[in-house]
Structures are given as C-alpha cells and as structure tokens.
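Thanks, everyone. Let me put the model up and walk you through a few spots in it.

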Amino acid sequence: MTTAHPSTYSAITLNINGEKHALTVDHRTTLLDALRERLDLTGTKKGCDQGQCGACTVLLDDRRAVSCLQLAVAAEGREITTIEGMAEGERLHPVQQAFLDLDGYQCGYCTPGQICSAVAVIEEHAAGWPSAVTDDIRPEAGPPPLTAEEIRERMSGNLCRCGAYVSIVEAIARAAGTRAEEQTTEAAA
C-alpha cells in the first residue's frame, strides 16, 4: 500500500514594502532566500545563516526579525519591510540619512540589517519598552533616556565586522532625535 505524500510546496503571497508578490515556495524556504533568490531584493544580506549576526534583519509587522530563521510560508499575511522599502521616494529614512551623514556603514555589508534594526529600536524605545540595561522598568517611568549604553544593548543582535559601532550609535541617536522633533512638530500642527 502506498501512502500519498503531502506536497512540500505552497503558493503564497508576501506583502513586501507595500507590494504583493505571489510565489510558490518549498516549505523549507527561508524568508531571506525568498527575498534574495526569488524576488531579487538583495539588500537583505546573508551573513551567518544562523540568526546570530543580524545582517538579514527585516521588519515583520514593524518588529525586527532575522529573515534567515523565518520561513517564507510563515510570513504570509504579514507586512514585510526590507531596506529597499525604507526610503520615501527619493527621501531617505532618517536612520538611512544619519548612517550616511555619520559614516555608520564602513564596508556596507551589515548596514541594511543595522538600519532595519535601528528603525525598530527607535520605535521600541519610544513605546517605552525596557532593555536589559534600563534602570527603571516601571511603565509610569516612561521611556528611559536613549543613551549610548541603551542603543548598544538594543542593537546587540547586529554585528559589524568593520567595527563601525561608534558611528552606528551616533547615527541612531541622531535619527531618534529627528523622530522626536518630527513628532513634536506634528503634535503642534
């Protein structure tokens, strides 16, 4: 007696940078491989392929995720943002601009993952999420100051072999200040 084997492929639709992409993928295909190999979105980099270096970081529903550990089939129905979706037309995202202005990219290989992670870090901080170095984690304390120590801890999942950490920390601090200024301006309007 032979048993029917279920298909190991699925037709999925991924919502990436505001565009829908229909694909048929093997169930074992990572989101990273779908992005790079199937959709030519090569900004997301393959580093360690084990979730350790952060080079493949993307945003899933505005939260950071290492795409090498995320199956493409599990990302269906979620909002995926890659480095290619950060800018608004010709205007760079404030984090991208700060990385450019402060030379936070060195060789550039880890930069897309660093930027995606930094965007999420700024949002997490603004929402009051504590980190391992946050002194007062009571909700009523509000967001802690976004110090260099806070930024380093929050970005610890992203490695830079060039050692551009000083510039990366400065770029994130600048971009966080830009975000705060924009929110103040919007609230006053």
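Start with L92. At 31% relative accessibility, L92 counts as partly exposed. On cut-offs: buried is under 20% relative accessible area, exposed is over 50%, and partly exposed is in between, with a 1.4 Å probe and protein chains only. L92 sits in the loop between β5 (79-81) and α2 (94-101). Together with L100 and Y105, L92 makes a nonpolar surface patch of about 230 Å². A patch takes residues with over 30% relative accessible area and no salt bridge; nonpolar side chains (Val, Leu, Ile, Met, Phe, Trp, Tyr) are joined within 5 Å, and like charges within 9 Å.

A word on the source. This is a predicted model, where local features need pLDDT of at least 70, side-chain atom pairs count only at pLDDT 80 or more, and totals for chains, interfaces and linings use all residues. Residues are numbered from 1 along each chain as its sequence is written, and side-chain values use heavy atoms, leaving out hydrogens and water.

Now the overall layout. The protein chain has five helices and five strands. From the N terminus, the order is β-β-α-β-β-β-α-α-α-α. Helices (H or I, at least four residues) and strands (E, at least two) are DSSP runs, numbered from the N terminus. The C-alpha trace spans about 70 × 40 × 35 Å along its principal axes. Of the 189 residues, 40% count as buried.

Next, helix α1, residues 31-38. Which residues of α1 are buried? They are L31, L32, A34 and L35. Those buried residues pack against β1 (9-16), β2 (19-26), β3 and β5. After α1 comes D40, with a positive phi near 55 degrees.

V58 lies in strand β3, residues 57-60. Its relative accessible area is 1%, so V58 is buried. T44 is in the loop between α1 and β3. T44 is also at 1%, and it counts as buried. Contact means heavy atoms within 4.5 Å. Leaving aside neighbours within four places in sequence, V58 contacts residues including L31, L35, T44 and C116. With the same exclusion, T44 touches, among them, L32, L35, V58 and I83.

Further along is E150, in helix α4 (residues 148-154). Is E150 buried or exposed? At 4% relative accessibility, E150 counts as buried.

Last topic: salt bridges. The structure holds nine. A salt bridge is a side-chain nitrogen of Lys or Arg within 4 Å of a carboxyl oxygen of Asp or Glu. R28 pairs with D26, closest N and O atoms 2.7 Å apart. R28 is exposed, at 64%, whereas D26 is buried, at 10%.

D61 and R78 meet at 3.0 Å, N to O. D61 is in the loop between β3 and β4 (63-66) and R78 in the loop between β4 and β5, so the pair ties together parts that are 17 residues apart in sequence.

R64 bridges to E124 at 2.8 Å between the closest N and O atoms. R64 is in strand β4 and E124 in helix α3 (residues 111-126), so this pair ties together parts that are 60 residues apart in sequence. R64 is partly exposed, at 28%, and E124 is buried, at 12%. Finally, salt bridges that share partners join D33, K46 and D49 into one network.

Technical notes: Accessible areas come from the Shrake-Rupley method with a 1.4 Å probe; for residues, only the protein chains shown count as cover.
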